[in-house]
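Here is a short report on one model. Look at the chains as you read.

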Amino acid sequence: MILMKYDVIVIGGGVTGCAILRELSKYDLSVALLEKEEDVCSGTSKANSAIIHAGYDAENGTLKAKLNVRGSELTKQLAKDLNFGYRNNGSFVVCFDEGDRPGLEKLYERGVKNGVKGLEIIEGDKAREMEPNLSKNVVAVLYAPSAAIVCPFEMTIALGENAVENGAKVFLNTKVTDIKRKDDGFIINDEFECKAIVNAAGMYGDVIHNLVCDEKIELTPRKGDYCLFDRECGDLVKHTIFQLPSKFGKGVLVAPTAHGNMLIGPSATDISDKEGNNTTIEDLDMIIDKAKLSVDNIPFNKVITSFCGLRARPKGDDFVINEAADGFFDAIGIESPGLSSAPAIGEYVGDMVTARLGAKKKENFKETRDGLKKLNKMNYEERGKLIKENPLYGNIICRCEEISEGEIVDAIHSVIPATSLDAVKRRVRAGMGRCQGGFCSPKVMAILARELNIPFEDVRKNNAESPMVYGKLGQDDEI
Amino acid sequence: MKYDVVIIGGGPAGLSAALAVRKEGIDSILIIERDDKLGGILNQCIHNGFGLHTFKEELTGPEYACRYIEKVLEEKIEYKLNCMVIGISDDRKVTYVSKEDGLCTVEAKAVILAMGCRERPRGALNIAGFRPAGIYSAGTAQRLMNIEGYKVGNEVVILGSGDIGLIMARRMTLEGAKVKCVAEVMPYSGGLKRNIVQCLNDYDIPLFLSHTVIDIKGKERVESVVIAQVDENRKPIPGTEKEYKCDTLLLSVGLLPENELSKLANVELSRVTNGPVVSDSFETNVEGIFACGNVLHVHDLVDYVSSEADLAGTYAAKYVKNQKGDREYLDVEARDGVRYTVPQKIDVKNMEDRIIVRFRVSNEFRGKSIVVEADGKEIRRVKKRVLAPGEMEQLFLNKAELEGVKKLCVCLKESV
Amino acid sequence: MKTREMICIGCPLGCNLTVKIDGENVEVSGNTCNNGVVYANNEIKNPTRIVTSTVKVLDGDIERVSCKTETAIPKGKIFDCMAEIRKKKVNAPVRIGDVLISDVAGTGINVIATKNIEKEG
């Protein structure tokens, strides 16, 4: 058995794992990432609020507070460097009762201490001038101008791809089932050997931790349901509208998305199944009822899809980031504000690991990534020019989001290749629009089959267990 | 490039409209089609039942389409395939992209919108559960089977009793799948009686009225769905849940006119039909932009699409030949069981002597009459034994009876 | 004597018919007009259906050609008809009306193409 050797192996291709991988790829280290699914961004990172929080929620002095504020600063620049969807839209925390005002003021104080810039408490009427559909019942809001929205898929993939461009390796469809200690490192699945492991396994962070560490931990899946609305409603609110937090998280938000849709959610229900990302009637009804409190005129007949994400909730209230055993680093329990903190978690874990290994920064690190072309964001002239260069950009496959064959082919052959319908959808948004893939999915399947040189019936929605069709008609009758 | 008439969409509406424009003596016509064939959705509707009104014989979808395609070829009407229109301006500049032409803008004296409709997806119903493979809108499954030639599922549950869902229940059964049941949230079916009998009853497929899917199980591929009875407010009734093992859930829960392009041209849309608001000449609020077929309102029979598009084409041609003068509209009000009318407004001064008004009703009614009132006076009363939302209704109005009228309304009243 | 329930498809009214069958004697109730009686008699004595499906095409620009039985075939023969359709392969080009299977399932009725398929290339 020949082992593939790396200095560091990151387990888990969510936004945390990819951010850490990118950070490590700045150093003279050989690094790899193992992801159990067919694509990165397949767990918590693909189903969340897509918010870059300003940083007033976390208690002073916690890792969450520190990494959120730093992460929020880093993300703004990263979005430019790595080319992912980002909009600095600002956020409101609303309160509906004069009695709740102290709660709002407490948040303000906490935010100031955490180092959040520009925080301001404004009165209901002024807030409604800024946000006309804000409920009449809102008496005051905490305004955080530094809050932003991102595309979590693009952000995760961008971080991962930039790491690959800088020499990191990504192994997809690679589930870690076994870790053995070796004198100066670890053997994973009897396939990989490394000096250090970073555990960024999201919902399975406890399982991976418990493979190595004596002191066992447990992460609880906390599910959150969301409803996504047609782009037609993208202008209903400009800011991200939160309600005053409760013990079950930041409450239900109403927010625009980086792609111009509108999102409401999440619920917060603790469950036991780590794969239990199914929406439930109770949770969907709850978020709809709650969203109505903060914003008027939500057109509930314009919902185009609902989805559920799981947050990995640790026993304590803070992220679990430390060297849990010699050379084994945990970056787990990354619930909200995990997406906002990811680039800072990358830095923080990167510093720990590289200090441990005595690694030096590379000189030729490539900071930027071009990413995929987005023709529908271009003007007619640029677009016409590109179609002349590559006619496939002129063949529109997804009519709702106006995505061309060329863009889909680019995604299939991108740095971290898209090999499933969902992977294509996350990269280029084909099937993400109002018809939800009704027209384009057979066409995208045909393109995937052609580009990957596989039979049409082998195209999957996501992993190997998700076939779209069951063979050709009449096949059973042929011998 | 400049054309007299540009038609967006080469399905049944676009083809029929193009032929009508040509019949009026106009040579400069362009049909822009996004697919690689003319005929639109008819190409995948391989079942029979088309053309009884138009051709007095029962054709399949591809045969029906072919009758029109052949005429379009005979008339040498220009058409472009694999071209997607990405923009229309209110001064009738149409921009499209394609592999061959790149990005092109054509100018038209008149534009006819004939883009058709799309299916309502799962998300619009907000069904709870997982999001695995194996959930298809009926039309997507129809394409995968009838065009690509693949087996979509082995054990199937269908939500919604729209005609495409019923047709697919039979189609999948014939190809060896087991269709367990069809659930319909309303207390009546949205499909034609004939399809209930020949697609479900013939194969002992149960139809559960006032039932809906409340949960989808299976993380990767559908494993089962839970169906429950609903009360009069369409809320699931606890205790009525039943789980059906299946690998496929087909949705046939309604069609929506596809008007993203219309919006770019500032065309006013109706909140009821989701299609443009048009006058008796099928002209939208934007001068020189006309609409017909399923982009205007969802039809039950393709024959009506063809006849409507024929009228729209004729009016568009007349508009090109002699730009109409001032328009003054009389609104048609729809109420008391009538959901909408097409047209929504009539230019009485310029109208033809006799026009067709098409509409749908909001519920299943028995023993009602369709009534037209002009300034509060009943000018028409048509007795109906049964009226159903699944079937389109029509009536004729004469210019003579509308002259000088200030308020016009179509409604349902008890038959006497 | 047997009793069967059926829906008349003569018009949108869709009457629920109760049909009592006693040998050759068919008694219909629940109908609004005479069409119901005619429909029920046909359905009892000789129910027939047009079958539509697709047949595999070799070298065509698409892989399947849609088809139908030229006229309605006995209802009991539908699955025999489908079994023959599933096994059949034809060569492109195909024109509407071409006979793809003659005398399908011993019915004396042909399965014909309902779509034009060009040869690929």
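## Chain C: elements

Chain C holds two helices and ten strands. This is a predicted model. Start at the N terminus of chain C and follow the elements: they run β-β-β-α-β-β-β-β-α-β-β-β.

## Chain C: shape and packing

What radius of gyration does chain C have? The value is 19 Å, whereas a compact globule of 121 residues would have one near 14 Å. The C-alpha trace of chain C spans about 60 × 30 × 15 Å along its principal axes.

Now look at burial and contacts. Of the 121 residues in chain C, 36% are buried. Take the contacts in chain C between residues at least 6 apart in sequence: 45% of them join residues at least 24 apart.

## Chain A: domains

Chain A has a division into domains. Domain 1 covers 4-45 + 153-219 + 316-357. Domain 2 covers 91-145 + 220-313. Domain 3 covers 375-475.

## Chain A: where domains 1 and 3 touch

The centres of domain 1 and domain 3 of chain A, taken over C-alpha atoms, are 30 Å apart. How many residues does each domain bring to the contact? Domain 1 of chain A brings 13 residues, and domain 3 of chain A brings eleven residues.

Which element gives the most to the domain 1 side? Helix H5 of chain A (residues 152-165) does, with six residues. The side of domain 1 of chain A that touches domain 3 of chain A has six nonpolar, two polar and five charged residues.

Terms used:
Residues numbered from 1 in each chain as written. Chains lettered and ligands numbered in written order. Predicted model: local features only at pLDDT ≥ 70, side-chain atom pairs only at ≥ 80, totals over all residues. Helix = DSSP H or I, 4+ residues; strand = E, 2+ residues; numbered from the N terminus. Rg over C-alpha atoms; globule rule 2.2 N^0.38 Å. Buried ≥ 20, exposed ≤ 12 C-beta atoms within 10 Å, placed from the backbone. Contact = placed C-beta atoms within 7 Å. Domains from an automatic or database assignment. Nonpolar A, V, L, I, M, F, W, Y, C, P; charged D, E, K, R; others polar.
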